[in-house]
Every structure is written in C-alpha cells, then in structure tokens.
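Have the viewer open and follow along.

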Amino acid sequence: MSLSKETSTVTIDHIPVEIISKIFSYLKTRHRKVASLVCSKWRNATRCPSFYRTLRLHKGLYLDEPPLSLFQNSYHPFSVIIFDDIDEFTQDISEFWKVVAESVRELHFRSCEGLDQFELCTLLSHLKNVNKIKITGTNSINNAKMEKSFENIKILDISDTEMPAWYIEALVGSFPKLQELNLGSYTYDGWDAPEDYVQNISTTAKSSAFGDWVKNLSKLAPKVTLFYDYQIVLRTEMILKEFLEIPNLEVRSLNIKVEGVQVNALQNFIEIKGKHLQKLEIPDAQLLNEKHLELINNNCIKLKELKFCFNESSNVPVIEKLSNLCNLTELVFAGPEPEPESEPFEFNFTGKVLQFKEMRSLIISNVKLDSNLVSFKNLLESCTFLTELSLNDCFINSEGLKIVYSSCKALESLHLNCNEQITDNCLFFSNDNLSINDLKYLESLNLNNCCNITNQSLKKLKFSEIFKLGLREITQISVEGITELCKNCPSITHLDLNGCASIDDDCVEIITKNLHQLQDIDLCGTKTTSKCFEFITENCMEIKNVNISYQPPKDSKAAEILLQKRILHFLSALAMNNICERLVIPDLGEI
C-alpha cells in the first residue's frame, strides 16, 4: 500500500472555536486573558459562555432576547445564579427560568433587601433542582415564613448575613429535608420576633442567650448539621460547655484564648468537637503547654489553618508537637507588634524536619529570624510544596534568604515587607549562584519598605510570569532601574510605587509603554505631575485602579486649568474605553 505524496496540513485555524474554548478552560483566568490578545478567533474562544458557570444578575439588568439566546447556545449551562442588590423582579422572566431550570443548583442572594417570601417561592417553584441557598449581606426577607415547603433544599448558608434569629428559624422550618445549616460567624443579637410569627411556631425558647438559641435551632431541625465559625475569642468555660450540649453542632473555626480556661474543660471540648475544626487561632499562644499541643495534635486532624499569636517569648517546640496535622494548608506565627527600643521577638520553630505535604501558605510576622536560622530552615524543609511565604518585619538577613531560595522553589507569592536588612546583595548573591530569580514560578513579590534596595536589584529582576510587584517607600529607585524592570518583567499587572520619591513622569511613560497588561498603579508620594495622565490614557487599555498624588502650585492658575483639562480628558478616555473602575486623586477623593 503506497502512501499518498500529498499530505494535508492542519493548523490552528482548522480547529473549531469550541475545541479551543475547551482547551482554554484548563488555563488560569490571567493566562486566558493573555491568550485573548493573540487574535480575534482566540478572543472569541475566551469569551465563550462555557467559562462562566456562575451567572450574576444585578439591579437594572434586563433579561432580553440576546442573553436568552446566549444561554440557550451555551454547552456548559450555569449551575449558580447570584442575585446582587436586587430589590424585586419587575419583569416577567419566566422564559428565562425555563432556559436555566435544569442546570441551576445554587442560588446566592447578595444585599437583596427587598426580597420577599413570595418571590423566593416563585423562584424555587421554577428552579426545582436547586439544593443550596446562600444569603449574604441581606438583613431580612419580608414575610420570611414560607407559604409552602421545599423538600429539595439541602443546604442553607447564612454565613455572612445580619438577618434576625427568628428569620433564620423561619427559613429552616420551610426546608424539611435540610441537611446542612452554615451559620458561619453569624452574630446573634437576640431573639426578637414579631407577634404574628410567634403565634404560628411551636418553639418556646425566646432567650437572649446565643447558646439557647442554637439549641432550639438544633431541636427545630434535629437531623441538620450546624456549621459554625466562632470568630469571637472564647474566654469562658461556660461557652465551651454550651457547645458540647448541642450534638449536631460542628464548630469549624475557633478563636480560643488559653488564659482562664482549665485544661480539663478544653480537653473535653477538643476531644468531642475538635475532629471538625478546620481553622484554629490562639491569641495568647505563649501560654500553651505540651498538654494543649498534644490535645490539638491528636484530635484536630482536619485542621487546615492554624494561627499562633505570641505576646512574649516561648520555649515550647510548637511544630514538633503537631506532627499529625498533615492536612494543614496555612500556618501563621505572629509575634507582638514591635515597640520603640524593644527587643525583637525570638521563637524556636522546630528542631527537626517534619512532613506538611499539604502546606501551601506560611506566614511569619514580627519574629526575629536571623538568630535561629537552623530552626527556620527545618520549618521550610517541612513544607515541601509551599506556594506562599510571608516574612514581614522578620529581621531576615542574607543567610535567611539563601534558605528561602534553595528550599522554596515552587513559591508563587513572596512577601518581605519592612525588612531593612535586605539589600541588593541579599537578592542576588555573586558567589553562590543563588538569587531571587531562582524562584521561577513567582507571580507576586512584595518588597515594600525594604528601603536599602536600589536600581541594581531592579535591573537584575527577571520574571516572565510575575504579576504583582510592591516597591512602596523604596526611595533609591529611579528611571534607570524602572527601564530594565519593564523589559525583564513584562507581565506586571499591579505595581505599587507609593512613596518612591525619585519616580517621575519619565518613569511613568516607560512603565505605560512597556507594561501592556497594567491594571493597577499607585503613584502617591512620587514626583509625577498631571502629564502622567496622558501616558496612562494612551497606553494602558487594561487599567482599573489608579492612585495619583499631584497638586499644582497654588499661585499657578494656568497649572490648575491644565490639570483640570487633563483629568477630564483622562476620565473621558477611560469612560469611552470602559476600563477604569477606580481613580483616586488626593483632595478630589474617589472618582
């Protein structure tokens, strides 16, 4: 069998836009945005409705024929609808509900103050597959007691709402097959129901105590799992005891103060409720002893976020006692806020390397690191897949940064705020072949208030994928360093130059002509004048937030007029392009 001499060539142009859209669906949002700049076909592919599983409806939106046809042609239907600041439905949109009825599983109401039970019932009657309702920023639902019940609702989330307690009871009573009630960090403000509601309910508890209200809520729905994130510091054993008396209550987030709580009371609570904890914060961690740590280690195995706040030094080897917490994704150590002439806070993290394979974020602040680098190294080597590292005000030196460069190759975000010890030689080592550029996956770098950094560092920074760069209050950088920075880091979208006294209009011109994806720039406290408006207007088509400080000389009327004209030109250009969302000019306020 002979092969044909003519072979067909398939290029990207032959691939249907639906297939390209499917490929793009695996990209991060920012990478899709870059892909959309290649050509019109790719731009259309990135705008395909298949990317948008969540539909947001806001006040003033009219659901006319074009949106309907768009939704009908979408091969990946919506699963979540968000109602944002909608007081009432003034249109007959029953046809719209028919289009999305089969796919919608979740409704989210944000600040819908005018919503009433009739409209909610109507919605749920159309959207019969909805099994989750989330209400945030909404103080009330008028006539909350539903006229009929809905057995398909399994999850009710009111984690960020200010609704009165009796409203929540009314909603729970309307969903007989409810399985989960997420109270989040709900702030209970008493049980003050109107008389017409009180007459129609069977519950008799109208106590002002939070614990009593939660107990009655659990009686109203005994098969419902109550999730609660207790953000207020627990100081009394009474609250711990109240929580223990509610069998279907799962506390997922807890802020507990060790002082004043007996070990036995804490032990009872942790042993029974600790298995559901996902977030734990201890504001007086210096009082922890080995018994406390053993309790946490043996019972809080689902813990994902752990924060220790120290008011004074501690010798307890905290990390070594937490070897069972293999699900930790975020670990925070916060020392006391530094005071003038006070000794820096020192802390011994760990004496050995453990395994925190799920750890993604490590945050250390106000802790002196340069005196205990072995302990710091062991901690970093325990976090194999760390993607975010924050070392704000940590007195970190060149040796400490060498450990970071060699141990944290997968970092995507690095924060080094307020470390005056960091110099150009700390970022780039000439003898060891180590530098900050070894962190090849870095997307966000924060060097704010690292005042000893100069143009030499900016010239050497080379990150093809870095998006956010903070250089606030670094007064030794100028147009020389900015020029090389823009060439070597072309993907920057957020740039903070607040307080960089040597930055002028020439710098802004270079920035705007080279950083084509720039979305956010802070130029307060720089030498920029109103001329920078022109550069931003002409070159930054993606700009969303601008912070500029410029005041013309008070004795120059011409300068004032020029400034006003340029501002108006700047605003009109941005408005026509529909790009800028927020502009801040001191003395003028937010525009």
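Start with Ile521, which is buried, because its relative accessible area is 1% and the cut-off for buried is under 20%. Keep in mind as you look that this is a predicted model. Ile521 sits in strand 18, which covers residues 520-523. So what does Ile521 touch, once its neighbours within four places in sequence are set aside? The contacts are Leu495, Ile511, Ile543, Asn545, Val546 and Asn547. Take Asn545 from that list: it lies 24 residues from Ile521 in sequence, yet the two C-alpha atoms are 6.5 Å apart in space.

Now zoom out to the largest nonpolar core, which has 151 residues. Which members touch the most other members? Those are Phe308 and Ile364. Helix 7, residues 165-174, gives the most to this core, with six residues. In soluble globular proteins, nonpolar side chains tend to be buried together.

Stay with helix 7 for a moment. The buried set is Ala165, Trp166, Tyr167, Ile168, Glu169, Ala170, Leu171, Val172 and Ser174. Notice that Glu169 and Ser174 are among them.

Back to Phe308. Beyond four places in sequence, Phe308 is in contact with Ile282, Ala285, Leu288, Val318, Leu322, Leu331, Val332, Phe333 and Ala334. Two of those names, Ile282 and Leu288, come back in the next stop, as they also line the largest cavity.

Rolling a probe the size of a water molecule over the atoms shows where empty space is left. Here there is one cavity of 30 Å³ or more, and the largest cavity has a volume of about 90 Å³. Its lining is made of Leu254, Ile256, Val258, Leu266, Ile270, Leu280, Ile282, Leu288, His292, Leu295 and Ile296. Strand 8 (249-256), helix 11 (263-273), strand 9 (279-282) and helix 12 (290-299) each give two or more residues to that lining, and helix 12 gives the most, with three. By type, the lining has 10 nonpolar residues, one polar and no charged.

Finally, how far can you trust the picture? The average pLDDT is 77, and 73% of the residues score at least 70. Over residues 62-67 the pLDDT is below 50, and this stretch has six contacts in the model beyond near neighbours in sequence. Residues 551-556 also fall below 50, again with six such contacts. Where pLDDT is low, the predicted coordinates should not be read in detail.

Note on methods: Residues numbered from 1 in each chain as written. Predicted model: local features only at pLDDT ≥ 70, side-chain atom pairs only at ≥ 80, totals over all residues. Heavy atoms only, no water. Core = buried A, V, L, I, M, F, W, Y, C linked by side-chain atoms within 4.5 Å. Buried < 20%, exposed > 50% of the residue type's maximum accessible area, 1.4 Å probe, protein only. Helix = DSSP H or I, 4+ residues; strand = E, 2+ residues; numbered from the N terminus. Contact = heavy atoms within 4.5 Å. 1 Å grid on protein atoms, 1.4 Å probe; cavity = no way out; pocket = protein on both sides within 12 Å on 5 of 7 lines; lining within 4 Å. Points joined across faces, edges and corners; volume = space filled by probe spheres on them. Nonpolar A, V, L, I, M, F, W, Y, C, P; charged D, E, K, R; others polar. pLDDT = per-residue confidence, 0-100.
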